[in-house]
Amino acid sequence: MSDENKTFAFLMCAHKLDAFLPLAIDSVLKQTYIDFKFYIIANNCDDDLWSYLSGLKDHRIEIYRTKIGQLAFNLNYGINLISADYVIRFDSDDICLPDRLSNTANALKKFKYPDVLSGSAQWIDVNGCVLKEQAVSMESDEIKKRLWWSNPVCHPATAISLNTLVSHGGYSWGFGSEDYDLWLRLARSTKTRFVIVPEIYIQYRISGNQSKGGILPYSESVGLMFRELIFTKKIRFFLGGLLWIIKALLKGKR
């Protein structure tokens with residue numbers, strides 16, 4: 001397939017109908033780059049959400065319903081349905097900037113189609129007010145070196161090669177660290193390439209409903225570090241395990 005014919009699919013999981021969801025969906029449908037599919041997985045949802053999604057009228061949207069309310073499972077469910085070259089990740093309370101997909105397509109071509117391309121993000125509160133901006137520029141070597149102590153890749157701002165996802169078993173586990181687990185597994189291969197670009201792709205919403213900063217993802221990260229220590233025999237993952245234990249004890253929200 002030529003570079004000009006790469007195909008894209010947005011993948012979003014949602015479990016409730018709230019004030020943020022219509023804004024999130026609308027931000028995808030108003031992309032300036034209009035050639036994409038939009039897969040919405042309604043997981044462990046009530047009939048109100050399903051009724052709302054069923055009423056959406058856009059030929060690019062495909063909706064599916066599952067009974068299991070776990071993000072990793074539902075992402076894999078969506079991946080199994082998608083046939084595009086790149087999966088564009090997105091969360092149901094965030095906002096895609098209008099040029100997100102256009103900028104993604106240009107950046108992918110510029111960097112010769114890495115396995116994972118992430119944009120940067122503005123953090124917004126529940127009212128949509130900008131709290132801060134994280135404009136990051138980073139490539140594979142630095143990203144892989146940082147993974148023992150932090151996760152620099154903004155998951156809902158990523159484009160991920162479908163072939164890479166499938167060949168590495170998709171999302172593996174975790175109720176709050178499914179992306180961190182994926183990056184760590186991908187980073188074991190010297191052939192896997194990551195890129196983070198400074199252009200803002202999304203507005204990332206901070207609210208009380210997130211798992212971010214919770215004790216569960218911190219605890220899961222402890223396990224990931226010691227797993228990587230065993231697989232890679234790199235001492236930095238032992239240090240990372242200790243660091244995440246400290247984070248879990250001191251900063252983890254219960």
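Visitor: Which residues does Ile200 touch, not counting residues up to four places away in sequence?

Guide: A contact list shows what packs around a residue. In this predicted model, Ile200 touches Leu97, Ser120, Ala121, Gln122, Glu133 and Gln134. Ile200 itself sits in strand E10.

Visitor: Is Ile200 buried or exposed?

Guide: Compare the relative accessible area with the cut-off. Buried means under 20%. Ile200 has 16%, so it is buried.

Visitor: How far apart are Ile200 and Arg100 in sequence and in space?

Guide: Read the two separations side by side. Ile200 and Arg100 are 100 residues apart in sequence. Their C-alpha atoms are 7.9 Å apart in space.

Visitor: Where does Gly208 lie, and is Gly208 buried or exposed?

Guide: Gly208 lies in the loop between E10 and H8. Exposed means over 50% relative accessible area. Gly208 has 80%, so it counts as exposed. Gly208 and Asp125 are 83 residues apart in sequence, with 9.9 Å between their C-alpha atoms.

Visitor: Now Ser118. Is Ser118 buried or exposed?

Guide: Ser118 belongs to strand E6. Its relative accessibility is 0%, so Ser118 counts as buried. Beyond its neighbours within four places in sequence, Ser118 is in contact with Val153, Cys154, Ala157, Thr158, Val195, Ile196, Val197 and Tyr201.

Visitor: Next, nonpolar cores. Which residues touch the most other members of the largest nonpolar core?

Guide: The general idea comes before the case. In soluble globular proteins, nonpolar side chains tend to be buried together. Here the largest nonpolar core has 37 residues, and Phe8, Phe10, Met12, Phe38 and Ile202 touch the most other members. Several elements each supply at least two residues of this core, including strand E1 (8-14), helix H1 (20-29), strand E2 (37-43) and helix H4 (100-110). E10 gives the most to this core, with 5 residues.

Visitor: What is Phe38 in contact with, leaving aside its neighbours within four places in sequence?

Guide: Phe38 is in contact with Phe10, Met12, Ile25, Val28, Leu29, Arg60, Ile61 and Glu62.

Visitor: On to charges. How many salt bridges does a search of the whole structure find?

Guide: Side chains of opposite charge can pair when their charged atoms come close. The search finds 10 salt bridges. One of them joins Arg185 to Asp181, with the closest N and O atoms 3.1 Å apart. Arg185 and Asp181 both lie in helix H7 (residues 178-187), 4 residues apart, about one turn of the helix. Both are buried.

Visitor: Which distant parts of the chain does the pair of Asp181 and Arg227 link?

Guide: Asp181 and Arg227 form a salt bridge, at 2.6 Å from N to O. Asp181 is in helix H7 and Arg227 in helix H8 (residues 215-232), 46 residues apart. Asp181 counts as buried because its relative accessibility is 0%.

Visitor: Which parts does the pair of Glu228 and Arg188 tie together?

Guide: Their side chains meet in a salt bridge, also 2.6 Å from N to O. Glu228 lies in helix H8, Arg188 in the loop between H7 and strand E10 (194-205), so the pair ties together parts that are 40 residues apart in sequence. Glu228 counts as buried at 1% relative accessibility. Arg188 is partly exposed, at 33%. Salt bridges with shared partners join Asp181, Arg185, Arg188, Arg227 and Glu228 into one network.

Visitor: Are H7 and H8 roughly parallel or antiparallel?

Guide: Start with the angle between the axes. Angles under 35 degrees count as roughly parallel. H7 and H8 pack at about 10°, with their axes 10 Å apart. They are therefore roughly parallel. Tyr180, Asp181, Leu184 and Arg185 of H7 make the contact with Ser221, Leu224, Met225, Arg227 and Glu228 of H8. By class, this contact has 4 nonpolar, 1 polar and 4 charged residues.

Visitor: And H8 with H9, roughly parallel or antiparallel?

Guide: Helix H9 (residues 235-251) packs with H8 at an angle of about 170°, and the axes are 8 Å apart. H8 and H9 are therefore roughly antiparallel. Among the contact residues are Tyr218, Met225 and Glu228 of H8, and Phe237, Trp244 and Lys251 of H9. The contact of H8 with H9 divides into 13 nonpolar, 5 polar and 3 charged residues.

Note on methods. Residues are numbered from 1 along each chain as its sequence is written. This is a predicted model: local features need pLDDT of at least 70, side-chain atom pairs count only at pLDDT 80 or more; totals for chains, interfaces and linings use all residues. Side-chain values use heavy atoms; hydrogens and water are left out. A salt bridge is a side-chain nitrogen of Lys or Arg within 4 Å of a carboxyl oxygen of Asp or Glu. Buried means under 20% relative accessible area, exposed over 50%, partly exposed in between (1.4 Å probe, protein chains only). Axes are lines fitted to C-alpha atoms, for helices over the stretch in contact, and angles run from 0 to 180 degrees between N-to-C directions. Angles under 35 degrees count as roughly parallel, over 145 as roughly antiparallel, 65 to 115 as roughly perpendicular and the rest as oblique. Contact means heavy atoms within 4.5 Å. Ala, Val, Leu, Ile, Met, Phe, Trp, Tyr, Cys and Pro count as nonpolar, Asp, Glu, Lys and Arg as charged, and the others, Gly among them, as polar. A nonpolar core is a set of buried Ala, Val, Leu, Ile, Met, Phe, Trp, Tyr and Cys residues joined through side-chain atoms within 4.5 Å.
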